[in-house]
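Trainee: Could we go through the pockets, the ligand site and the cavities together?

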Amino acid sequence: MNMTSFLKSRKSTREFKKKSVTEKDLVNVKAIIDEINDEVKGSNMEVKLYEFGKRIFDSLKGVGGYSGVMIESPHYIALDMKSHGPEEKLNSGYYMEKIVTRLNDMGIGTCWVGLNNLDMERMKAIFGEDTGDNDYLLAIGYPKPKNPFVHEQFSERLGVEEIAFRESIKKPADVDFLEERGLGDILFYIRFAPSSKNLQPWRFIVHDSNVELAIEEINGEFCYTDAGIAMYYFEELAKTQGMKHKWDLDMRPEEVKGKKYMFIGKYEL
Ligand SMILES: Cc1cc2nc3c(=O)[nH]c(=O)nc-3n(C[C@H](O)[C@H](O)[C@H](O)COP(=O)(O)O)c2cc1C
């Protein structure tokens, strides 16, 4: 699916059909996972499919998800992380969301599920002795059909001028400026990216020759996973405008007007 239409309509699936994903679709899911594992080879990460979701759901009831509201799905995907630095977290967001878009093309719905700092002993009991320390799971399956008579809740998004800046994070960018720079569409649609608790911490600072990505500290935390998701969608949206660069990481903290930011990297224009 075209990336702009996908992002506009992208929604987490929290209600799945009870049935498993078909054998044929599972073969394709495994092929996607293999491809991503090839891409992340050597980076201390491994994507794993847990086919028997019931056992995972039962073990994580009251533990995983927002306030212990675990999402029930027939299968789960985990991204095993052997180390937990900011770069690994950025990568986990980037690659997990790449999987989300591929699954969406197959009609498979997804929802990120936080594991809320589950201790390693419990992690091993649930995911096996050789598991890494997972921050999140992806619940996957066929979405339950929507009831056309029930108005669906929409997750609010910040305005473009709240996430886009001109030269400095002190100076919001207006839509005309972004249009002139050919970034209007990219920064309009990127707002539909998912983020933990929908906190949308991403900030984009537009310079003459590049765009910088920073994340705002919210509730005492920098969510690097959210930044990785935004990096993935920025690159994909930029491709639709003929730009084929990748983000260069260049991390530094900065405090502006009492708010803490972590600058993550630059995308050359
Ligand atoms: C890193 C991350 C963690 C998330 N954790 C959960 C979770 O534990 N439970 C849940 O229901 N949704 C979770 N979500 C989904 C977000 O709440 C959701 O993407 C966001 O509110 C936007 O809503 P939408 O996906 O419906 O557009 C998570 C999303 C991300 C990116």
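Mentor: Gladly! On a 1 Å grid over the protein atoms alone, a pocket is an open set of points with protein on both sides within 12 Å along at least five of seven lines, a cavity is a set where a 1.4 Å probe fits but cannot get out, and lining residues have an atom within 4 Å of a point. Points are joined across faces, edges and corners, and the volume is the space filled by probe spheres set on them. The model is predicted, so local features need pLDDT of at least 70 and side-chain atom pairs 80 or more, while totals for chains, interfaces and linings use all residues. Numbering starts from 1 along each chain, and side-chain values use heavy atoms, without hydrogens or water.

Trainee: What volume does the second largest pocket have, then?

Mentor: Its volume is about 720 Å³. The second largest pocket is lined by 26 residues, with K11, S12, T13, K146 and E152 closest to its centre. Its lining divides into 8 nonpolar, 11 polar and 7 charged residues (charged: Asp, Glu, Lys, Arg; nonpolar: Ala, Val, Leu, Ile, Met, Phe, Trp, Tyr, Cys, Pro; polar: the others, including Gly).

Trainee: How many residues line the largest pocket, and which lie nearest its centre?

Mentor: There are 47 residues in that lining, and Y66, Y136, S195, S196 and K197 lie nearest the centre. Two or more lining residues come from each of α1 (3-9), β3 (109-114) and α9 (224-239) (DSSP runs numbered from the N terminus: helices are H or I, at least four residues, and strands E, at least two). The space in the largest pocket is about 1,200 Å³, and the lining has 20 nonpolar, 15 polar and 12 charged residues. Domain 1 (3-141) and domain 2 (160-268) each give at least three residues to this lining, with bounds from an automatic or database assignment.

Trainee: Which residues come nearest to the ligand?

Mentor: Of the 20 residues around the ligand, S12, R14, Y66, G114 and S155 come nearest; "around" asks for a heavy atom within 4 Å. For polar contacts, look for N or O pairs within 3.5 Å. Y66 has a polar side-chain atom 2.5 Å from a ligand oxygen, R157 has one at 3.0 Å from a ligand oxygen, and for R10 the distance is 3.3 Å. The protein covers 96% of the 620 Å² of accessible area that the ligand has on its own (Shrake-Rupley, 1.4 Å probe).

Trainee: How many cavities of 30 Å³ or more are there?

Mentor: The count is 1. The largest cavity has a volume of about 50 Å³, and its lining consists of L79, M81, S92, M96, W112, D135 and Y136. At least two of the lining residues come from β2 (75-81), and at least two from α4.

Key:
Polar contact = N/O pair within 3.5 Å; in protein donor to acceptor, adjacent residues only side chain to side chain.
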